[in-house]
Amino acid sequence: MKRMIGTFMVLLIALCLQVSGQTGDTTKPAPAPSDDSKWFDMLAAAEGSGGWDSNPKRQPTVFAGVKLGFLGPVTLDLGYDRKQARNGFSTEFSAMLPVFRFPGPRKDESGNYLRIYAEPGGGYRWGGHDGAYGSAKVMIALLSDHRMGLNKPSPFVEFQRRFPMNDPLHRGDIRVTFGLMIVLCQHCGID
């Protein structure tokens, strides 16, 4: 009798383990959506702005330019500006470093989100007040995973401060730039 009860208990435990193994949740959690706006394989933007220089007289400035980036965070900015009644051209390299995204990645790829980039850089200006300069920029872009393609532009605003290396505290300019950019994420492909 004890042997039969022992065998019955073993069978009952085995059956319970078998049933619990079959009814357990065996689904894997869905992978989190990827964030395609951190780094781009390609970026092209047109931008224009107005601002003021940081001299005591605070004269207005204007700027128009293009921003190009390939395979990573480094961008090349080419621009024309008018500062202190003098025309000039500038070439600048800057890093486009992702800082913040709101809201975070989600399954709905058509939804808009804000992405903030910090853009430290340096360049050279030809024209009145020639010379090397450093720059500090912050870009706020309105992006959508659905618009990451070569024919779907996204708007952005950029706050810039350029300061010449020979007199960074008393010269330079501050401007607010508005533009449109097209981006190609790392796995988007060309439409």
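**Reading the labels, one by one**

Trainee: Why is Arg175 called buried in this model?
Mentor: Arg175 has 3% relative accessibility. Buried means under 20% relative accessible area, exposed means over 50%, and partly exposed is in between (1.4 Å probe, protein chains only). With 3%, Arg175 therefore counts as buried. Keep in mind that this is a predicted model, where local features need pLDDT of at least 70, side-chain atom pairs count only at pLDDT 80 or more, and totals for chains, interfaces and linings use all residues. Residues are numbered from 1 along each chain as its sequence is written, and side-chain values use heavy atoms, with hydrogens and water left out.

Trainee: What makes Arg175 and Asp173 a salt bridge?
Mentor: You need a side-chain nitrogen of Lys or Arg within 4 Å of a carboxyl oxygen of Asp or Glu. Here the closest N and O atoms are 3.3 Å apart, so the pair qualifies. Asp173 is buried too, at 1% relative accessible area.

Trainee: How do you know that Asp77 and Lys137 form a salt bridge?
Mentor: Their closest N and O atoms come to 2.7 Å, so they pass that same cut-off. The two sit in distant parts of the chain, 60 residues apart: Asp77 in strand E3 and Lys137 in strand E7. Strands, by the way, are DSSP runs of at least two residues, labelled E and numbered from the N terminus (helices, H or I, need at least four).

Trainee: What makes the Asp81 and Arg162 side chains a polar contact?
Mentor: They come to 2.5 Å. The rule wants a pair of N or O atoms within 3.5 Å; within protein, one must be able to donate a hydrogen and the other to accept it, and residues adjacent in sequence count only if both atoms are side-chain atoms. Asp81 itself is buried, with 1% relative accessible area.

Trainee: Why is Leu142 called partly exposed?
Mentor: Its value is 31%. Leu142 lies in strand E7.

Trainee: What is the average pLDDT of the chain?
Mentor: It's 82, and 79% of the residues score at least 70. pLDDT is the predictor's confidence in each residue, from 0 to 100. Where pLDDT is low, the predicted coordinates should not be read in detail.
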